[in-house]
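Hi there,

Here is the structure I promised to pass on. Have a look at it first, and my notes follow below.

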Amino acid sequence: MTNNTLRKEIVAIARRFNSTGLSFGRSGNVSARTTRGFLITATGITYADMKTSDIVEMDHTGRTLVGMRKPSSEWHMHSAIYKKRRDVNAVVHVHSPYATGVACTRKPVPAFHYMVTVLGGASIPCAQYASFGTIKLARNAVTALGNLHACLLANHGQIAVAEDLATAFRYAGEVETLARMYCISLMAGGPVLLDDAEMQVNIEKFKTYGKQC
């Protein structure tokens, strides 16, 4: 996939943040791996006004390779994930309401529903708190993610990663849906959690679920 194609896809996904409720206003950011580094949304631009020329290509030292805009303040987090996870080609970071609400408790989304395992583990962990845009937050996110597809960011939001942009965006939606269900279950008296053995069964099932070959 060419960088121009990736730019178009990044803009299309960012523009869906507000309409899907995954983020409001200008919050959140999107990136995609390139051969020289990564493409990332610029800081402070309203999604409705975003153009492909607003997408910045960076290397992992923080140097701008292509683009006139200032990159997202969270570029450290995106870069750290790409350096740690060779399987990841796309990162979506949003401040979706329910996921962010749970993140503000600094607790994970536990094994309350089998769909939690679609993200690779028996829970959706919560990264330790650090100020936004910092190297410390980047390190905390990488640690919490491990080999998973998503995690919460304490008092901040959520981040989802995948092999492509469409899948990363879908995972961000899964996190928000699960966080909402979890909050509803808490209001209903608290969920009955599934045990580790059952969650492991579902982790294995999702390795092949939905694949036609």
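A quick definition before the notes: a residue is called exposed when its relative accessible area is over 50%, buried when that value is under 20%, and partly exposed in between. Please also keep in mind that this is a predicted model.

Let me begin with helix H6, which covers residues 196-206. On the face turned away from its buried side, H6 carries the exposed residues Ala197 and Lys205. The buried residues of H6 are Met199, Asn202, Ile203 and Phe206. Looking down the axis of H6, you will find these buried residues within an arc of 110°, so they line one face of the helix.

Next, the sheet. Eight strands make up an open sheet with mixed pairing, and their order is E4-E3-E2-E1-E5-E8-E7-E6. At the edges are strand E4 (64-66) and strand E6 (126-127), each of which pairs on one side only. Strand E5 (residues 90-94) and strand E8 (residues 157-162) run antiparallel and are joined by five bridges. Within E8, Ile159 is the residue that stands opposite His93. Helix H1 lies across E1, strand E2 (38-40), strand E3 (56-58), E4 and E5, and runs at about 155° to E1.

Is Ser23 buried or exposed? Its relative accessible area is 3%, so Ser23 is buried, given the cut-off of under 20%. Leaving aside residues up to four places away in sequence, Ser23 touches Phe17, Asn18, Gly28, Val94 and His95. The side chain of Ser23 also makes a polar contact of 3.3 Å with the side chain of Ser27.

Finally, two backbone angles. Which loop contains Arg106? Arg106 sits in the one between helix H3 (97-103) and E6. Its phi is near 60°, a positive value in a residue other than glycine. Asn155, in the loop between strand E7 (150-153) and E8, has a phi near 55°, which is likewise positive in a residue other than glycine. With a relative accessibility of 33%, Asn155 counts as partly exposed.

Happy browsing, and do write back with any questions.

Best wishes

Technical notes: Residues numbered from 1 in each chain as written. Predicted model: local features only at pLDDT ≥ 70, side-chain atom pairs only at ≥ 80, totals over all residues. Heavy atoms only, no water. Buried < 20%, exposed > 50% of the residue type's maximum accessible area, 1.4 Å probe, protein only. Helix = DSSP H or I, 4+ residues; strand = E, 2+ residues; numbered from the N terminus. Arc of directions from axis to C-beta. Polar contact = N/O pair within 3.5 Å; in protein donor to acceptor, adjacent residues only side chain to side chain. Contact = heavy atoms within 4.5 Å. Pairing = 2+ DSSP bridges. Axes fitted to C-alpha atoms, helices over the stretch in contact; angles between N-to-C directions.
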